[in-house]
Amino acid sequence: MASKSAVTHQAALMLLLMTWRGSIHCDGYTVDPPENLVILDPGHLGHLEITWSPPASMINMTECPKRYQLEYFNTYKDSWTAVRTSKRSYRAQFDLMKDVRVRVYTLLSGPCTNGTMVESTNYTELVQKPPSTGVVGATVKDFVCVFHNMENMECTWERSPKMPANSQQKLYFWHKKLERAEECPKYIFSGGFRSGCNFTENALPLFTDINFCINGSSSEGLLKPMFTSLQMQNQVKPGTTEKLHLQAGPDAQLEVHWELPVGMDSGRCLEWEVQQEGSDGKTASILTKEMKLTLPLIHDHERNCFRVRSKLHKYCADRSFWSEWSHPTCYPATASLHVGGFSAGRT
């Protein structure tokens with residue numbers, strides 16, 4: 001009787017040890033990794049579809065739910081992203097100028113695993129290399145998009161010094177509201193060559209990944225494409241503040257307040273930098289989310305000049321561009337500006 005109890009205890013201990021180790025055997029089943037891993041490019045400039053099939057050994061297994069863990073290397077964040085799903089496909093954003101790396105595991109649970117989630121020991125992996133075609137060194141440089149005052153979106157770029165003289169670039173863009181990628185609606189030219197794209201008449205959605213590609217051709221062959229992805233709210237450059245008011249208060253205090261840039265309906269997403277300059281040319285800056293300040297006068301009877309600029313704060317956007325500085329306003333109003341100060345365009 002004691003021998004039978006010892007055997008039962010030993011078997012239970014072995015089962016517990018197998019489960020803890022994530023064994024690939026479940027009541028006679030082997031948890032194999034998925035098969036037929038494929039990366040599909042529907043022409044959405046980096047928004048790729050990843051598909052796979054269940055392992056052949058588990059196709060007829062219906063009593064135990066199957067899930068999958070997909071892992072892909074997010075080159076925009078320089079880290080791996082993991083997703084668990086019961087589906088057999090997933091879409092994700094990739095930088096097509098870098099390796100596309102994905103791998104997928106099988107996850108098994110249910111009665112055949114005693115309710116424990118078991119992951120396949122091995123995974124299926126696929127690495128897709130970027131295209132190697134194109135004139136070497138002919139990729140555009142310094143690509144930047146600016147959403148001016150949340151009204152007018154412009155993207156600009158610089159030609160590479162190695163760009164063949166007769167080459168011409170094309171810009172394409174795509175987001176989830178488009179069935180297919182579209183070409184720039186209105187190009188900007190510099191020196192006879194395309195150097196940007198204006199989207200004024202083609203509204204782009206906020207809080208949505210917008211994918212861009214710049215490619216082209218020349219007598220020497222195709223140009224190396226450039227890919228990038230961004231969101232509109234992170235590209236905002238507010239308009240310049242046009243009205244800055246100063247009013248002297250008691251105890252050598254000066255009340256400074258200003259108005260929103262023309263076209264901006266609300267200031268709730270803006271933060272401001274106020275810069276004050278005294279007659280000696282020295283400056284001091286203050287950051288604030290308010291549209292007014294009370295500041296001490298630097299030498300009560302001497303010139304004090306102020307200017308202000310704004311950008312979207314971190315609670316409304318991941319990043320933003322500073323606006324241009326407002327025209328300086330001085331107290332007393334008849335004071336002249338210091339030659340080396342605001343009038344020199346210092347930032």
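## Surface patch

Leu-206 counts as partly exposed because its relative accessibility is 35%; buried means under 20% relative accessible area, exposed over 50%, and partly exposed in between (1.4 Å probe, protein chains only). Leu-206 sits in the loop between strand E16 (193–198) and strand E17 (210–218). Strands (E, at least two residues) are DSSP runs, numbered from the N terminus.

With Met-150 and Phe-207, Leu-206 forms a nonpolar patch on the surface, and together they have about 290 Å² of accessible area. Patches of this kind are made of residues with over 30% relative accessible area and no salt bridge, nonpolar side chains (Val, Leu, Ile, Met, Phe, Trp, Tyr) being joined within 5 Å. Accessible areas come from the Shrake-Rupley method with a 1.4 Å probe, and for residues only the protein chains shown count as cover.

## Basis of the model

This is a predicted model in which local features need pLDDT of at least 70 and side-chain atom pairs count only at pLDDT 80 or more, while totals for chains, interfaces and linings use all residues. Residues are numbered from 1 along each chain as its sequence is written, and side-chain values use heavy atoms, with hydrogens and water left out.

## Sheets

Three strands make up an open, antiparallel sheet in the order E21-E22-E25; two strands pair if DSSP finds at least two bridges between them. Strand E21 (244–249) and strand E25 (292–296) are at the edges with a single partner strand each, so one side of each has no neighbour in the sheet. From one strand to the next the twist averages 25°, with axes fitted as lines to C-alpha atoms and angles running from 0 to 180 degrees between N-to-C directions. E21 is joined to strand E22 (residues 253–258) by six bridges, and Gly-249 stands opposite Gln-253 in E22.

Another open sheet has four strands in the order E24-E23-E26-E27, again with antiparallel pairing. Its edges are strand E24 (283–288) and strand E27 (329–331), each with a single partner strand, so one side of each is left without a neighbour in the sheet. Neighbouring strands here are turned by 25° against each other on average, direction ignored. Strand E26 (residues 304–312) and E27 run antiparallel and are joined by three bridges, with Asn-304 opposite Tyr-331 in E27.

## Salt bridges

The whole structure holds six salt bridges, each defined as a side-chain nitrogen of Lys or Arg within 4 Å of a carboxyl oxygen of Asp or Glu. One of them joins Asp-99 to Lys-129, with the closest N and O atoms 3.0 Å apart. This pair links distant parts of the chain, 30 residues apart: Asp-99 is in the loop between strand E7 (89–93) and strand E8 (100–108), and Lys-129 in the loop between strand E10 (124–128) and strand E11 (141–148). Asp-99 is partly exposed at 26% relative accessible area, whereas Lys-129 is exposed at 60%.

Arg-309 forms a salt bridge with Glu-273, the closest N and O atoms being 2.8 Å apart. Arg-309 lies in strand E26 and Glu-273 in strand E23 (residues 270–278), 36 residues apart, and both are buried. In the salt bridge of Glu-179 with Arg-180 the closest N and O atoms are 4.0 Å apart; both residues are exposed.

## Aromatic pairs

The count comes to 10 aromatic pairs. Rings of Phe, Tyr and Trp (its six-membered ring) pair if their centres lie within 6.5 Å; planes under 30 degrees apart count as stacked, over 60 as edge-to-face and the rest as tilted. Phe-73 and Trp-80 are edge-to-face, 5.6 Å centre to centre with 75° between the planes.

Note on methods:
Patches are made of residues with over 30% relative accessible area and no salt bridge: like charges are joined within 9 Å, nonpolar side chains (Val, Leu, Ile, Met, Phe, Trp, Tyr) within 5 Å.
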